[in-house]
Amino acid sequence: MILLLGGTAETAPLAAALADAGFEVLVSTVTDLPLELGHHGKVTRRIGPLDEQAMLLLARDRGVRAIVDATHPYAEAAHANARKVAATLDLPCLRWRRPEVIEPAADLHFAANHEEAATLACSLGGSILLTTGSTHLRPYVKACSRTGSALFVRVLDHPESVKAALTAGIPEANIVRGRGPFSVEENLAVITNFKIGVLVTKDSGEAGGVPAKLEAARIAGCRVVVIRRPDESCEHCYEELSEMVRAVRSAVDDTEP
């Protein structure tokens with residue numbers, strides 16, 4: 001059994017590729033958002049957050065032979081838990097890594113974390129569109145309250161995400177619901193409709209719709225704040241499906257019996 005920690009766009013193709021290679025695959029996602037996993041007999045799914053202890057018990061209970069971490073590039077806690085569990089159980093831990101797409105440019109402003117991004121976004125002037133998800137909202141709410149900047153957030157059209165935004169103090173009218181990746185036209189419509197002056201994003205890669213965000217911002221003359229990725233240096237990182245499958249096969253020495 002391979003434990004595939006997912007939820008991103010690459011989860012379904014990774015699961016299918018591993019199953020086609022002969023592995024039993026347990027896909028674990030935090031939310032119950034639809035995931036096109038098909039009806040492959042070797043793929044099952046569980047839903048709900050996993051802390052280190054829960055992941056450890058799951059891996060032991062299901063006879064996991066390797067962990068494939070395909071969580072979001074910025075999911076630092078999930079990455080750390082996967083590494084710790086793998087080390088405890090002496091299992092291989094392989095990481096799916098989305099290639100970065102944002103290069104340094106004069107019209108981009110980079111921040112090391114959300115607190116720095118919030119301060120920077122407010123300093124640039126204009127309404128702010130936050131496209132980094134429903135977590136870490138409070139630094140932006142606090143900064144906008146201090147400076148009087150209008151804050152809009154785009155979150156998943158899921159009750160938990162919307163609740164997180166409301167709880168953080170975002171007015172209902174300032175919450176944009178949807179599931180990406182979004183096209184240039186869709187991004188441009190939001191920027192235009194809410195008269196956005198500053199867009200805040202992560203470098204979530206092409207699969208995360210980042211190029212379309214940047215192009216829409218360029219067309220609209222909207223400034224962009226980019227939160228830099230955490231350090232992703234690791235010994236077993238892969239960016240191609242075939243490479244990942246070969247690595248898993250090599251790591252467990254054989255397919256599932």
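Two strands count as paired if DSSP finds at least two bridges between them. Keep that in mind while you click around this predicted model.

Start by selecting residues 66–69, strand S4, together with S1, residues 2–5: the two run parallel and 4 bridges join them. Pick Leu 3 and look across to S4, where Ile 67 is its bridge partner.

Now show the side chains of S1. Ile 2 and Leu 4 point one way, Leu 3 and Leu 5 point the other, and all are buried.

Trace the chain from S1 through helix H1 (residues 11–20) to S2, and you've followed a right-handed β-α-β crossover.

Then move on to the open sheet of 6 strands, ordered S6-S11-S10-S7-S8-S9 with parallel pairing. Strand S6 (108–111) and strand S9 (175–177) stand at the edges with a single partner strand each, so one side of each has no neighbour in the sheet. On average, neighbouring strands here are turned by 20° against each other, direction ignored.

Zoom in on S10 (residues 196–202) and S11 (residues 223–227), a parallel pair joined by 5 bridges. Val 200 has its bridge partner, Val 225, in S11.

Last stop, the helix H6: select residues 159–168 and you'll see H6 lying across S8 and S9, at about 170° to S9.

Definitions and conventions:
Residues numbered from 1 in each chain as written. Predicted model: local features only at pLDDT ≥ 70, side-chain atom pairs only at ≥ 80, totals over all residues. Heavy atoms only, no water. Buried < 20%, exposed > 50% of the residue type's maximum accessible area, 1.4 Å probe, protein only. Right-handed = clockwise from strand over helix to strand, strands pointing away. Axes fitted to C-alpha atoms, helices over the stretch in contact; angles between N-to-C directions. Contact = heavy atoms within 4.5 Å.
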